[in-house]
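The following questions and answers examine one protein structure. Please keep the sequence and the 3D view at hand while reading.

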Amino acid sequence: MKWTMLLLTGILLSNQVLAETTGIPEDPWEGFNRKVYVFNDTLDTYALKPVAKGYRAVTPDPVEDGIGRMFSNVGEIVNVMNDILQGKFRQAGNDTGRFLVNTTVGLVGFFDVAQHAGMPKSAGEDFGQTLGAWGVGSGPYIVIPLFGPSTLRDGPAKIVDQLVNPINEIDHVPTRNAVYGLEIISLRAQLLKAEELITGDKYSFIRDAYLQHREFLLKDGNVEDDFGEYGEE
């Protein structure tokens, strides 16, 4: 389903967005992006968000946090792959150690034992960042149906990360889909508090926050501030 949606998105982009340009360099297809954003936001408002609120209401905080850590632990596999592709071998060792310790002693990641064993969690790596480290530009900002904010580089890169996701190895399809569904709900529940910080035009706020965060990740926190100095935020 995810691959199909990405393919459909590519078709929509090629047929529609090129005719809708704006004066914003990072977001030349804003007209199209806003339409997709409205679709995603409506779906979220009437379907995903209520489910996330219900999930948060009935799930004790320690359990909710533990489930979030379990999915984060699964993501260490993607981190390790991209650590290696970017030549970050020290970080790859750290992330590998985190996965092994938390998967065993930490009960599949429910508890972050590795954090207390001197293996801190990194900001995370994905194939979009790997392409950026290899010199591939981000390209225009795009909003993908169902998936939300991305760029022309990062959108297709999600396919590569998905291929190494351990959840794909679950043979029983209903179980695999249920796990993916829980992951989406868990992530959405974590964002409920963060969205309270959104001010002004929601579309512009999310776009700017996404692009700034991606730059922060690509440069490993070494981003230029308003005074021309660099430092980790």
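Q: Where is the place of Phe147?
A: The model is predicted: local features need pLDDT of at least 70, side-chain atom pairs count only at pLDDT 80 or more, and totals for chains, interfaces and linings use all residues. Residues are numbered from 1 along each chain as its sequence is written, and side-chain values use heavy atoms, with hydrogens and water left out. Strands are DSSP runs of E with at least two residues, helices are runs of H or I with at least four, and both are numbered from the N terminus. Phe147 lies in the loop between β1 (141-144) and β2 (148-151).

Q: Why does Phe147 count as partly exposed?
A: Buried means under 20% relative accessible area, exposed means over 50%, and partly exposed lies in between (1.4 Å probe, protein chains only). Phe147 counts as partly exposed because its relative accessibility is 33%.

Q: Which helices do the buried residues of α4 pack against?
A: Helix α4 spans residues 76-85, and its buried residues include Val78 and Val80. Contact means heavy atoms within 4.5 Å. The buried residues of α4 pack against α3 (61-74), α5 (89-104), α6 (127-133) and α7 (154-163).

Q: Which residue with a positive phi follows α4?
A: The phi of this residue is near 75 degrees. The residue is Gly87.

Q: Which residues is Leu192 in contact with, leaving aside its neighbours within four places in sequence?
A: With those neighbours left aside, the contacts of Leu192 are Lys49, Ala52, Lys53 and Arg56.
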